[in-house]
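Here is a short report on selected sites in one protein model. Please keep the sequence and the structure in view while reading.

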Amino acid sequence: QSFRAYIIPYFFGWFLLRRSAREMRENAEDFLNQLSNSEVFLKEFVSYVECQSKEKFDLQEYFQKRPRVLHCTTKFCNYGKDPGCEAYAESEAVEDSYSKAFTLNVVALFVTPRTVGARVLLNKHQEVLWPKGQERDEGEDSTEKADLPFGSRAHITLACAPGVKAVQTGLDLLQILKLIEEGKQPTFQVDLQKGQLCCYGEGQCILNLTKPIEVKTIFSGFYP
Ligand code: GDP
């Protein structure tokens, strides 16, 4: 085994600077508040939520698990245990970008009975840091199914329901994008302040922002 002069992190990603993190948290809170005020949304959503006394369901309380550090994961490494992380860590893209500033574009907010997230649309410079194979459909028989476009999974986890791990947010986003790509029409839509909320059943909704949110980040590794 060859000597490595650095430690592979828990994950690589873009980490939001304090101001952008505050802005994203405010946006998330706003989003949940507006959803709470939509009867049509709540009625459907609550029917897909496990546990809780459904009469006095509170969306903010339900999504109580908020990440301490807002970020957009590029490569999950688990300190080197995850396959492909060494090649990623040593890639030219990572070496060139480590500790550099990036402005990410948040184009949508989404919610499912498990997670709340922000969809990030990567530009060409950011795509070089995106690992291959993240858009694969992990469920069922996915061998003959086409993957979603490269980078589709890029997101910032904003909140999770109790017992749900942050890894779920990206999978929830892929599921919504897959439904849209398959041509599924929204089962209902709600006009919100920042755009139209489109719901695709089972409490899965996405708000395409009429004006994208720019967030300032630093590309780095995370060592909790
Ligand atoms: P925790 O809820 O803070 O413990 O979060 P996790 O330990 O589940 O994950 C930390 C970060 O790594 C989150 O941004 C997750 O989305 C991401 N992550 C965790 N596991 C995986 C994985 O298997 N694949 C990918 N792509 N990301 C992961």
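## Ligand surroundings

The model is predicted. The ligand is surrounded by Y10, F11, K65, H71, T73, F76, Q134, R153, K165, A166 and V167.

Some of these residues place polar atoms by the ligand's oxygen atoms. Y10 has a polar side-chain atom 2.5 Å from an oxygen atom of the ligand. For H71, a polar side-chain atom lies 2.6 Å from a ligand oxygen. A166 takes part through its backbone: an N or O atom there lies 3.4 Å from an oxygen atom of the ligand.

## F76, beside the ligand

F76 is one of the residues surrounding the ligand. Strand β2, residues 71-76, contains F76.

Leaving out residues up to four places away in sequence, F76 touches Y10, F11 and D82. Y10 and F11 are also among the residues around the ligand. Further along the chain, E86 is 10 residues from F76, and their C-alpha atoms are separated by 11 Å.

## S152, a loop residue

S152 sits in the loop between α6 (124-127) and β5 (155-160). Relative accessibility at S152 is 4%, so this residue counts as buried. The cut-off for buried is under 20%.

Which backbone atom lies 2.5 Å from a polar side-chain atom of S152? The backbone oxygen of P149 does. Setting aside neighbours within four places in sequence, S152 is in contact with R119, E135, L173, L174 and L177.

How many cavities of 30 Å³ or more does the model hold? The count is 1. The volume of the largest cavity is about 70 Å³.

Its lining consists of N27, D30, F31, Q34, L109, L192, K194 and L207. Helix α1, residues 18-36, supplies the largest share of that lining, with 4 residues. By residue class, the lining divides into 4 nonpolar, 2 polar and 2 charged.

Notes. Residues are numbered from 1 along each chain as its sequence is written. This is a predicted model: local features need pLDDT of at least 70, side-chain atom pairs count only at pLDDT 80 or more; totals for chains, interfaces and linings use all residues. Side-chain values use heavy atoms; hydrogens and water are left out. Helices (H or I, at least four residues) and strands (E, at least two) are DSSP runs, numbered from the N terminus. Buried means under 20% relative accessible area, exposed over 50%, partly exposed in between (1.4 Å probe, protein chains only). A polar contact is a pair of N or O atoms within 3.5 Å; within protein, one must be able to donate a hydrogen and the other to accept it, and residues adjacent in sequence count only if both atoms are side-chain atoms. Contact means heavy atoms within 4.5 Å. On a 1 Å grid over the protein atoms alone, a cavity is a set of points where a 1.4 Å probe fits but cannot get out, and a pocket is an open set with protein on both sides within 12 Å along at least five of seven lines; lining residues have an atom within 4 Å of a point. Grid points are joined across faces, edges and corners, and a volume is the space filled by probe spheres set on the points. Ala, Val, Leu, Ile, Met, Phe, Trp, Tyr, Cys and Pro count as nonpolar, Asp, Glu, Lys and Arg as charged, and the others, Gly among them, as polar. A residue is near a molecule or strand if one of its heavy atoms lies within 4 Å of it.
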